[in-house]
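Hi everyone, thanks for making the time this morning. I'd like to walk you through one structure and a few of its local details.

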Amino acid sequence: MSCYEADRLDRIAYGDSPLHRLDPRAKILATLAFILAVVSQPKYELFGLAPFILFPLLTIVIGEIPGRLIFRRVLLVSPFALLIGAFNPFLDRQVFHHLWGFDISGGWISFSSILVRFALTVSAALALIATTSFPSLCQGLTAMRVPRTFVVQLLFLYRYLFLLAEEGGRILRARALRARGWRGRTPRVAASMVGTLFLRTLDRAERIYQAMSARGYDGNIRQLRRLSFTITDGVFLVAVAVSCAFFRLLPVTYWMGRWGRDW
Amino acid sequence: MHMSDALLSPGIGLAFGAVSGGTLVYSAHKVKTTLDDHLVPLMGVLGAFVFAAQMINFTIPGTGSSGHLGGGLLLAVLLGPHAALLTLSSVLVVQSLFFADGGVLALGTNIFNLGLLPAVIGWPLFRVTAGKKPSPARITLASTLAALCVLELGALGLVGETFLSGRSELPFGPFLVLMLGIHLPIALAEGLITAAVIGYVYKLRPEIAHRTFRGATEGRRRRSLTPVLTSLVAAALLTGGVAAWFASSKPDGLEWSLGRLTGSEKPGAAEYPLAKRLAGLQERSAALADYRVTRSEETATSGAEVWPRVDPEITLSGLAGAVFTLGLAGLLGLFLARRRRDHPKRGQG
């Protein structure tokens with residue numbers, strides 16, 4: 001949740017690697033294909049999710065992303081997924097696997113599957129944003145016929161996100177200096193702080209608008225770089241989609257297991 | 001609370017994506033045609049404001065736990081439905097990418113729960129309750145009422161999406177009661193803080209608040225409410241229809257729980273061509289995979305509760321396979337990483 005980590009991700013996204021150079025559209029579609037393949041696995045599929053680890057792993061290696069950053073984010077499991085999934089072992093006690101004298105209930109399998117799904121889908125989203133800078137992602141979205149008004153909105157939000165986070169940090173620091181511990185953290189004080197922040201934001205928006213109008217803003221944000229979907233992008237997208245379908249439809253893990261045990 | 005990809009089935013994710021995406025396109029068109037471009041930088045900066053406002057935490061009286069403003073209702077009240085939907089959606093997109101709050105596929109559900117509901121339910125409710133010249137008490141009443149409705153409906157959406165996806169074992173009724181209960185204090189806090197912020201803005205800069213409240217009675221805005229309500233009804237119908245359609249094509253979703261309740265198997269699967277085709281695809285892929293436990297196999301032999309076929313052979317294959325696959329993937333990664341280190345690229349930095 002920390003803005004510091006988001007800021008780091010953002011810096012990494014401007015790197016230069018084979019993955020960074022790909023067309024944003026290819027990466028968006030590949031991420032969607034990956035997530036769909038993972039999410040469409042049946043509820044009790046746990047081992048079958050194993051081959052999918054290849055994608056985040058290869059992204060980290062080829063895209064030259066610090067793996068620790070992704071790993072840390074994945075470890076901070078969404079409380080909602082954890083909370084809801086944690087009920088499964090209690091509600092579904094039917095024996096599903098029988099291994100070395102232990103009975104493993106279906107609930108534990110589906111819960112573990114939810115956790116693995118979480119790790120895979122979150123790392124896919126992080127891999128996308130770590131290899132694609134937000135402006136070029138937005139350019140890809142425009143090319144994919146997402147309404148321009150919305151894309152401009154995304155670009156504005158991105159432009160002011162870190163700036164206003166710093167402003168929020170300043171307000172928080174001011175409160176921390178004036179109120180010790182939890183005493184000053186009443187809802188009333190917080191509401192005034194949010195109100196102050198809001199008014200400052202409005203003034204800022206007014207100044208921005210005037211500055212932009214003075215420079216000929218007409219509702220569009222122009223980007224110099226042209227997108228071109230090359231053969232490399234096509235090969236990448238097809239390769240990801242086909243291997244996702246392969247891992248989804250064929251029992252690769254079980255073949256591996258049989259092969260490994262025979263061997 | 002954000003819906004996560006891990007709890008979502010692809011059908012539900014895509015169905016809600018279609019509904020939210022359609023409404024988003026409509027709102028974008030509306031903002032472009034009816035509102036001045038003055039609003040666009042304001043929307044962008046206010047989206048960033050939501051992140052900053054969420055940093056400001058406070059102690060919830062009586063409990064000692066920490067809370068912060070969600071901001072959905074505040075934006076809806078201050079911006080109107082279309083601009084608020086665009087702004088909240090952009091916030092959710094950035095949250096899902098940079099902060100891993102809610103998944104990419106889950107964006108449709110999250111925009112529905114946290115963007116669409118404040119915009120199309122919270123905004124009109126607040127306007128109607130607050131009236132033209134609101135007193136502080138009226139503002140508090142209006143925002144508390146709107147927050148209650150919006151957040152509890154959001155919780156209902158969350159429960160419905162989770163239940164229809166069928167990844168969680170939680171039964172609908174108790175799950176709903178649990179989530180509604182959790183969201184009750186959250187909604188009250190959100191309503192009170194939203195009221196306090198609006199009251200603060202009203203006191204310090206009455207002209208901003210006046211503009212906001214005057215907008216409520218302007219004919220232009222009022223007329224624009226009809227398509228919003230129409231699209232809401234359409235969205236609800238579409239959601240119901242599409243969700244049911246997709247849910248019945250997923251054997252591990254709604255149908256499974258329905259089958260469990262009624263004792264019958266595959267209710268009405270034959271009525272849906274897509275469901276039949278998908279089931280066929282699944283059977284074919286399962287025929288390739290004689291190591292996978294499939295539901296079609298089980299329903300073919302008997303309809304009763306033999307679904308999890310306990311077979312240590314399969315388990316062992318799966319476990320060994322997972323370990324093997326992970327090991328191989330790890331080795332491949334190490335190999336590539338080492339090769340990269342040995343052959344550094346030109347122009348590092």
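**Rings, a buried glutamine and an interface**

Let me start with A:Tyr158 and A:Phe162, which sit four residues apart in helix H10 (residues 148-178) of chain A and are therefore separated by about one helical turn. Helices here are DSSP runs of H or I with at least four residues, strands are E runs of at least two, and both are numbered from the N terminus. As a reminder, an α-helix has 3.6 residues a turn, so residues three or four places apart point the same way.

Before going on, some housekeeping: this is a predicted model, where local features need pLDDT of at least 70 and side-chain atom pairs count only at pLDDT 80 or more, while totals for chains, interfaces and linings use all residues. Residues are numbered from 1 along each chain as its sequence is written, chains are lettered from A and ligands numbered from 1 in the order in which they are written, and side-chain values use heavy atoms, with hydrogens and water left out.

Back to our two rings. How are the planes of A:Tyr158 and A:Phe162 arranged? The pair is edge-to-face, with 6.4 Å centre to centre and 80° between the planes. The rule takes rings of Phe, Tyr and Trp (its six-membered ring) with centres within 6.5 Å, and calls planes under 30 degrees apart stacked, over 60 edge-to-face and the rest tilted. Both partners are buried: A:Tyr158 has 12% relative accessibility, and A:Phe162 has 18%. Buried means under 20% relative accessible area, exposed means over 50%, and partly exposed is in between, with a 1.4 Å probe and protein chains only.

Another pair is A:Phe246 with A:Phe247, where the centres are 5.9 Å apart and the planes meet at 50°, so this one is tilted. Here A:Phe246 is partly exposed at 39%, whereas A:Phe247 is buried at 11%. These two also belong to an aromatic cluster together with A:Phe34, A:Phe52 and A:Phe55. Over all chains, the search finds 14 aromatic pairs.

A:Phe55 turns up again in helix H4 (residues 54-62) of chain A, whose buried residues are A:Phe55, A:Pro56, A:Thr59 and A:Val61. After H4(A) comes A:Glu64, with a positive phi near 55°.

Staying with rings for a moment, A:Arg159 lies over the face of A:Tyr160, 5.1 Å from the ring centre. For that label, NZ of Lys or CZ of Arg must be within 6 Å of the ring centre and within 35 degrees of the ring normal.

A:Glu167 is in H10 of chain A and is buried at 7% relative accessibility. Setting aside neighbours within four places in sequence, A:Glu167 is in contact (heavy atoms within 4.5 Å) with A:Leu197, A:Arg200 and A:Arg204.

Is A:Gln153 buried or exposed? It is buried, with a relative accessible area of 0%. Beyond its neighbours within four places in sequence, A:Gln153 is in contact with chain B residues, including B:Val40, B:Leu86 and B:Ser90. The side chain of A:Gln153 reaches the backbone oxygen of B:Met43 at 3.4 Å and the backbone nitrogen of B:Gly44 at 3.2 Å.

That brings us to the interface. In all, 112 residues of chain B are in contact with 110 residues of chain A. The buried area is about 10100 Å², with carbon and sulfur atoms giving 75%; this is the accessible area (1.4 Å probe) that two parts lose on being put together, summed over both.

How many salt bridges are there between chain B and chain A? The count is zero, where a salt bridge needs a side-chain nitrogen of Lys or Arg within 4 Å of a carboxyl oxygen of Asp or Glu. The rule does find six residue pairs in polar contact across the interface, both residues at pLDDT 80 or more. A polar contact is a pair of N or O atoms within 3.5 Å; within protein, one must be able to donate a hydrogen and the other to accept it, and residues adjacent in sequence count only if both atoms are side-chain atoms. On the chain B side, H14(B) gives the most, with 22 residues.

Finally, chain B itself has 14 helices and two strands, and 53% of its 349 residues count as buried. Thanks, and I'm happy to take questions!
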